[in-house]
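Here are a few exercises to work through with the structure open beside you. Try each task before reading its solution.

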Amino acid sequence: MKTICPRCESTGVTQMHAGMENGQVLWRVWHCKDCAYTWRDSEPAESIDPKVRPAWAQMKGVDFDSLRQVVPPARKPT
Amino acid sequence: MDTEKEVTLSAQAKAVAARIGSLRDFLDYLGEHDQCVTWPDAVLPEPDIRNVSVAAGNNVSTGPAVIFDKIRGYPGKRVAVNVHGSFGNLALLLGMPKTTPVRELFFEIIRRWGSDKPLLARVDPKNAPVHENRIDHGINLYDLLPLYRINAHDGGFYIGKACVVSRDPLDPDNFGKQNVGIYRIQVMGPDTFTLLSIPAHDMGRQMLMAEQHGKPLKVSVMIGNHPAMPMFAATPVGYDESEFAYASQMMGAPLRLTTAVNGTDILADTEMVIEGELQLNQREVEGPFGEFPGSYSGVRKVPLFRVTGVSHRNNPIFENIYIGKGWTEHDTLIGLNTSAPIYAQLKKDFPEVAAVNALYQHGLTGIIAVKNRFSGFAKSVAMRALGTPHGTMYLKNLILVDENVDPFDLNQVMWALSTRTRANDIIVIPNMPMVPIDPAAEVPGKGHRLIIDATSFMAPDNLGADPHLVDRPMGPEIDALMQRLSELQKGGVR
Ligand SMILES: [Zn+2]
């Protein structure tokens, strides 16, 4: 099954690291290129299961360009 | 201006200051006083580290630092939490017994406040422990650090207690304008991270300058530091004053500095330094993060940094913090150093001020003990407190109590509230500046202030039916008797 982001449900996710125990993969860390959510697949469901995560924490359909800037950039990035 | 006013320390404080040169030294010292434990069980990064951190921090008096060295999936890696999580640990750092009352810790900080002789030693980078290992290529922060989620709904894995060094992008050779501060850092890609600062803070100001003028902004993220560094890096000093100098002055012992590969000054004995460079005008989605008012900050666009190199000691310790709904290590770490400057600033104009307790959530609530010079005087002192640099943004609720009420003893403060507050004599100042992440704001950054004058009434005020105070015995004699009773209890003397 393809891994999707538990926060924005994007499929644009990349594995960042795998934790090993006795030569076996114990968990993997994933990062979403769209909403920048990072998670470990061994975490409790409240953090990584879209069906369990609170609605306020979900970002499916959010326009990321409309988010507030904390330090407004001086110019458009090149 | 620097002078030669060095702090005078007790013999014990001098011995402790001379002995502690790094986080490792401090953890050893804490361990000798039963204030540091190594967690015996194997833990998963989530939720185990979070839960043990909270449990350690729940005991504000003598909760221990905790070292994790059996983190599943991160063999050989270590995490330390709650290092500044109890007043007992702070007392030991100041060379005092771990049972020292908070009020005495406050006056010890005040006593050291006036020292202004920087004590900085230079270590050749070749001999600096932080440079024992160097990584310039193939950097993966998720591999180098045993990262974990601090609160369940944080947007990622945060480095919450690092001291970040940066040079002024327009005056990069000026040591004084080099800034050291604690900012929340969210690890993004394997070699990128966001760093949150607002334009009102030194780092935010440097980011604005760098982007406005197209100049590079290089930072060094120091993780696992001399315990004085995080404690005093969070204290607001002037923009051209060095936090390194300040931390050394407060400890009364030299801090060992060396140079990072990117040219910034760093602590020679720090566990790990991540060198990074601001990606001009680039932003990444950051948050939420469980912040000190006990609520999650929103998701925003925050400046992005790329890692240019990492130096670390052998077998480094990732020191991190639990922060969220209080009380947490964050409150203990910065509380006394939030209270001290407010006290020092008030004391200059109003010698009647006896003590200031602004321990609560970075000073969102402050309690000021003051002797009324005349009726209503305490309210004038409150107004002055709102005008101090920290008060301008943070002091939201102010409680004024008599000079013989200990503001650090909440039972005494409640006595003052119970017997001195007149409900028609509280002051609400509407539409004042406010910390943007305070959930009690009307709109983020704007809200109301509250002043409760719970000092004793004096003429020409109506004094009420029975205004004569009981003269409760207090002071050193009572303190000594309390100490004796506690020894008798421990010894089981019959
Ligand atoms: Zn996503």
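## Exercise 1: The zinc site

In this predicted model, the zinc ion is held by the SG atoms of Cys5(A), Cys8(A), Cys32(A) and Cys35(A), at 2.3 to 2.4 Å.

**Task.** Work out which geometry the site of the zinc ion has, from the angles among its four donor atoms.

**Solution.** 
- Start with the angles: they span 101 to 116° among the four donor atoms.
- Next, recall the reference value: ideal angles are 109.5 degrees for four tetrahedral donors.
- Then apply the cut-off: four donors count as tetrahedral if all angles lie between 85 and 135 degrees, so the site of the zinc ion is tetrahedral.
- Now look along the chain, where the donors show the spacing C-x2-C-x23-C-x2-C.

## Exercise 2: An open sheet in chain B

**Task.** Find the order of the five strands in the open sheet of chain B, and say which strands lie at its edges.

**Solution.** 
- Tracing the pairings gives the order 17-18-19-21-20, and the pairing is mixed.
- The edges are strand 17 (353–360) and strand 20 (426–433) of chain B, each of which pairs on one side only.
- From one strand to the next, the twist averages 15°.
- Now take the pairs in turn. Strand 17 and strand 18 (residues 365–370) of chain B run antiparallel and are joined by five bridges. Here Tyr360(B) has Thr365(B) of strand 18 as its bridge partner.
- Two helices pack on this sheet. Helix 10 of chain B touches strand 17 and strand 18, and its direction makes about 150° with that of strand 17. Helix 11 (residues 377–386) of chain B touches strands 17, 18, 19 (397–401), 20 and 21 (446–454), and its direction makes about 150° with that of strand 21.
- Strand 19 and strand 21 of chain B run parallel, with five bridges between them. Leu400(B) stands opposite Asp453(B) in strand 21.
- Strand 20 and strand 21 of chain B are antiparallel and share six bridges. One position to look up is Pro433(B), whose bridge partner in strand 21 is Lys446(B).

## Exercise 3: Helix 10 and one of its residues

**Task.** Locate the residue at which helix 10 of chain B bends, then decide whether His330(B) is buried or exposed.

**Solution.** 
- Helix 10 of chain B covers residues 329–349 and bends by about 40° at Gly335(B).
- The helix is mostly covered, with 16 of its 21 residues buried.
- His330(B) belongs to helix 10 of chain B.
- The relative accessibility of His330(B) is 12%, and the cut-off for buried is under 20%, so His330(B) counts as buried.
- To see its surroundings, leave aside neighbours within four places in sequence: His330(B) is then in contact with Phe292(B), Ile321(B), Tyr322(B) and Ile323(B).

## Exercise 4: A strand covered on both faces

**Task.** For strand 7 (residues 163–166) of chain B, find which residues are on each side and which strands it pairs with.

**Solution.** 
- On one side are Cys163(B) and Val165(B), on the other Val164(B) and Ser166(B); all are buried, and both faces are covered.
- Strand 7 runs antiparallel to strand 8 (residues 179–182) of chain B, with four bridges joining them. The bridge partner of Ser166(B) in strand 8 is Asn179(B).
- Strand 7 also pairs with strand 11 (residues 218–223) of chain B, in the antiparallel sense and over four bridges. There, Val165(B) has Ser220(B) as its bridge partner.

Methods
Residues are numbered from 1 along each chain as its sequence is written. Chains are lettered from A and ligands numbered from 1 in the order in which they are written. This is a predicted model: local features need pLDDT of at least 70, side-chain atom pairs count only at pLDDT 80 or more; totals for chains, interfaces and linings use all residues. Side-chain values use heavy atoms; hydrogens and water are left out. The bend at a residue is the angle between axes fitted to the seven residues ending there and the seven starting there. Buried means under 20% relative accessible area, exposed over 50%, partly exposed in between (1.4 Å probe, protein chains only). Donors are N, O and S atoms within 2.8 Å of the metal (3.2 Å for Na, K and Ca); water is not among the atoms, so sites may look incomplete. Four donors count as tetrahedral if all angles lie between 85 and 135 degrees; four count as square planar and six as octahedral if opposite donors are over 155 degrees apart and all others between 65 and 115; anything else is irregular. Two strands pair if DSSP finds at least two bridges between them. Axes are lines fitted to C-alpha atoms, for helices over the stretch in contact, and angles run from 0 to 180 degrees between N-to-C directions. Contact means heavy atoms within 4.5 Å.
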